[in-house]
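I'm opening my notebook on this one and writing things down as I look them up. Here is the structure I had on screen.

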Amino acid sequence: MHRTRFPQPVQFDRKKRSAHCDVPGVQSGRGGGYVKPGPLARLPRRDGIKPHAMTYWSHRYPAELIDVVQLTGGERVVIRPVLPQDQELLVRFFHELSPAARCRRFMHPVNEPSLKILRQFTQVDYVTHVALIAEIFADGRETVIGEARYVRTVEQSSAEVSLSVAERWQRKGLAKLMLSKLEYGAAAGGVRRIIGETFADNEKMMSLARRAGFVISDCVRGVVRLEKTLTMQDHKRPCEASA
Ligand SMILES: CC(C)(COP(=O)(O)OP(=O)(O)OC[C@H]1O[C@@H](n2cnc3c(N)ncnc32)[C@H](O)[C@@H]1OP(=O)(O)O)[C@@H](O)C(=O)NCCC(=O)NCCS
């Protein structure tokens, strides 16, 4: 759904105080967050260059969006706001999506998202752009199995949503859970309307959108517009979630 419009990457302020939250590698607190070295620090050396440990202060890391959810098959998955050091994990995620899924996600054929897009996807400001990833921990490593985000439109009270889930993890309710979490975050942040676009033949997205209460507009040149007005209900935290 997002094709070109993204907020600019933000600088992280290293001087704020920190508080603790439950996800390993992340510390965050009211009004600020200290983010310990993440997955990139644990990646093997490439070309003899040691990946440098990254430490970030994030003003607005929305720790309240961190959750452990249960999918329809019983699998437990962590959903959390994305961090700058998740870039390598997202490279793997998009690489492993089928070309058709990548095309549906970006609304045009994409081989590998560019470095610029990956930066925009991971260095988010959590005001105009809120992004979540879903991940599992297996064989000693983190694997991203889904990503979802919204970017506010120029008028600010609306936001455009987009998401994708790894094929092996689809039809387990993960997109539904990520979408409801995004809606909660958006409503709490003052967004009144969620919009999106998808190909009219994207049955999975159409079905997801319909069930999530989006109004689907007529098809124009193969693309439909999705729209949902957020209600007071969306301000409530999605209950300790399972699909
Ligand atoms: C669209 C997409 C995100 C759905 O992810 P998902 O995790 O499989 O979705 P969920 O399991 O949460 O399913 C939500 C609903 O979608 C529908 N759905 C899921 N898979 C479906 C399928 N194969 N066929 C028809 N409907 C399907 C179901 O109605 C489901 O509702 P239910 O939970 O009541 O059964 C996923 O298919 C995807 O990543 N597609 C490629 C990228 C893309 O198209 N993104 C959307 C445009 S930005």
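**Contacts.** I started with who touches whom: among contacts in the protein with a separation of 6 or more, 63% join residues 24 or more positions apart. For a contact, the C-beta atoms of two residues, placed from the backbone, must lie within 7 Å.

**Ground rules.** I'm looking at a predicted model, where local features need pLDDT of at least 70 and side-chain atom pairs count only at pLDDT 80 or more, while totals for chains, interfaces and linings use all residues. Numbering runs from 1 along each chain as its sequence is written.

**Overview.** I found 6 helices and 11 strands. Both are DSSP runs numbered from the N terminus: H or I over at least four residues for helices, E over at least two for strands. Next I checked burial, and 33% of the 243 residues are buried. Buried means 20 or more other C-beta atoms within 10 Å of the residue's own, with C-beta atoms placed from the backbone; exposed means 12 or fewer, and partly exposed is in between.

**The sheet.** I traced an open sheet of 8 strands, in the order β4-β5-β6-β7-β8-β9-β11-β10, and its pairing is mixed. Its edges are β4 (67–70) and β10 (215–216), each pairing on one side only. To count as a pair, two strands need at least two bridges found by DSSP.

I then went through some pairs:
- β5 (residues 76–81) and β6 (residues 129–138) run antiparallel, joined by 4 bridges; here V78 sits opposite E135 of β6.
- β9 (residues 193–199) is antiparallel to β11 (residues 223–229), with 7 bridges, and G196 faces L226 in β11.
- β10 and β11 are antiparallel too, over 2 bridges, with V215 opposite E227 in β11.

**The ligand.** Which residues are closest to the ligand? I got R104, Q170, A175, K176 and K204, out of 23 residues that surround it. The cut-off for being near is a C-beta atom, placed from the backbone, within 6 Å.

I also asked where the shell comes from: α3 (99–106), β8 (158–165), α5 (174–188) and α6 (203–211) supply at least two residues each. The largest share, 6 residues, is from α6.

By class, I noted 8 nonpolar, 7 polar and 8 charged residues in the shell. Ala, Val, Leu, Ile, Met, Phe, Trp, Tyr, Cys and Pro count as nonpolar, Asp, Glu, Lys and Arg as charged, and the others, Gly among them, as polar.
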